[in-house]
Amino acid sequence: MKKKLMALGMILVVMATLITGCKIRNYDSALIDINNGEDKITLGYANFAFKYDQARYDVNYGSSYGSTMWSQDLTGSGSTFADEIRDNVIDTLEEQYVIKKHADEYGVKLTDADTKAIDDATTKFINGNSSAALNALGADKDVVKEFLTDMTYVAKVEEAMIAKAKAAGEINDTTTSSTYVDNKVDEWKSKMEFNVDEDLKKQLVVDDLFSEASTNSTAASNSTK
């Protein structure tokens, strides 16, 4: 995929007291309608992915850029960094959806070890964050587990895709693994219809996490690899 959530690789960061706020409205509404009502990606799930990504950026770069980072055009795209990350998250969630849809095609299933790692990481994330942080993220056990499960499927399907393509000689000096995966996912996406509710999308907003961080806040990580 061209862009990925910073969480890809299945690392969850414990945000401690970095986040405060209220749970997003219209949590179960379809932010992304798939194939005219066949399926959906909810606003609540996308909000968790967006806020989680925002918090990761603030933890890693907030001390250098501060909260003004989100209103700047950092990449020369002509959009603010907040708008760019918002669009990136939506695009990535769509890509992850189609990749997971092809898991059976590549014989990908979750192992007992995968399930245990996801459960352990979910528990650590829930227990390691304050109720205010979890509320602002819209993070309960179900959404965190779903998030990690999707990440696991994406990683395993991509690995299987690359292995199969290499065996068939479809990955070579001119076609890299990432290019092959990008092209394949684009092909899959072209056969599906994704419609984003632009009004709901406006609810994916940046909170000023960096300035609200307490001096004793900590960030710890847990890898489910």
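In this predicted model, three strands form an open sheet in the order E3-E2-E4, and their pairing is antiparallel. Strand E3, residues 39–42, and strand E4, residues 194–196, are the edge strands, each of them pairing on one side only. Averaged over the sheet and with direction ignored, neighbouring strands are turned by 25° against each other. Helix H2, which spans residues 81–101, packs on this sheet and touches E2, E3 and E4. The direction of H2 makes about 155° with that of E4.

The pairing can be followed from strand E2, which covers residues 30–34. Four bridges join E2 to E3, and these two strands run antiparallel. Within this pairing, Ala-30 stands opposite Thr-42 of E3. Towards E4, E2 is joined by three bridges, again in an antiparallel arrangement. Here Ile-32 is the residue that stands opposite Val-196 of E4.

**The hairpin of E2 and E3**

Four residues lie between the strands in the hairpin of E2 and E3. Asn-35 is placed in this loop between E2 and E3, and Asn-36 is likewise in the loop between E2 and E3. Most residues other than glycine have a negative phi. Asn-35, although not a glycine, has a positive phi of about 55°. Asn-36, also a residue other than glycine, has a positive phi near 55°. In accessibility, Asn-35 is partly exposed because its relative accessible area is 22%, a value in the range between the 20% limit for buried and the 50% limit for exposed residues. Asn-36 has a relative accessible area of 61% and is therefore exposed.

With a relative accessibility of 12%, Arg-86 counts as buried, since the cut-off for burial is under 20%. Residues up to four places away in sequence being left out, Arg-86 touches Phe-50, Lys-201, Leu-204 and Val-205.

Lys-201 belongs to helix H7, residues 198–201. What is the relative accessibility of Lys-201, and does this residue count as buried or exposed? The value is 16%, so Lys-201 counts as buried. Apart from neighbours within four places in sequence, Lys-201 is in contact with Leu-31, Arg-86, Asp-87, Ile-90 and Val-196.

| Residue | Relative accessibility | Class |
|---|---|---|
| Arg-86 | 12% | buried |
| Lys-201 | 16% | buried |
| Asn-35 | 22% | partly exposed |
| Asn-36 | 61% | exposed |

**The largest pocket**

Rolling a probe the size of a water molecule over the atoms shows where empty space is left. The largest pocket of the model has a volume of about 380 Å³. Its lining consists of 18 residues, of which Lys-40, Tyr-45, Tyr-97, Glu-146 and Asp-150 are the closest to the centre. Two or more lining residues come from each of E3, helix H1 (43–65), H2 and helix H5 (141–167). Which element gives the most to this lining? H2 does, with five residues. By residue class, the lining divides into nine charged, six nonpolar and three polar residues.

**The chain as a whole**

The secondary structure of the chain comprises eight helices and five strands. Along the sequence, these elements follow the pattern β-β-β-α-α-α-α-α-α-β-α-α-β. Of the 225 residues in the chain, 44% are buried. Among the contacts with a separation of 6 or more, 79% are between residues 24 or more positions apart.

Terms used:
Residues numbered from 1 in each chain as written. Predicted model: local features only at pLDDT ≥ 70, side-chain atom pairs only at ≥ 80, totals over all residues. Heavy atoms only, no water. Pairing = 2+ DSSP bridges. Axes fitted to C-alpha atoms, helices over the stretch in contact; angles between N-to-C directions. Contact = heavy atoms within 4.5 Å. Buried < 20%, exposed > 50% of the residue type's maximum accessible area, 1.4 Å probe, protein only. 1 Å grid on protein atoms, 1.4 Å probe; cavity = no way out; pocket = protein on both sides within 12 Å on 5 of 7 lines; lining within 4 Å. Points joined across faces, edges and corners; volume = space filled by probe spheres on them. Nonpolar A, V, L, I, M, F, W, Y, C, P; charged D, E, K, R; others polar.
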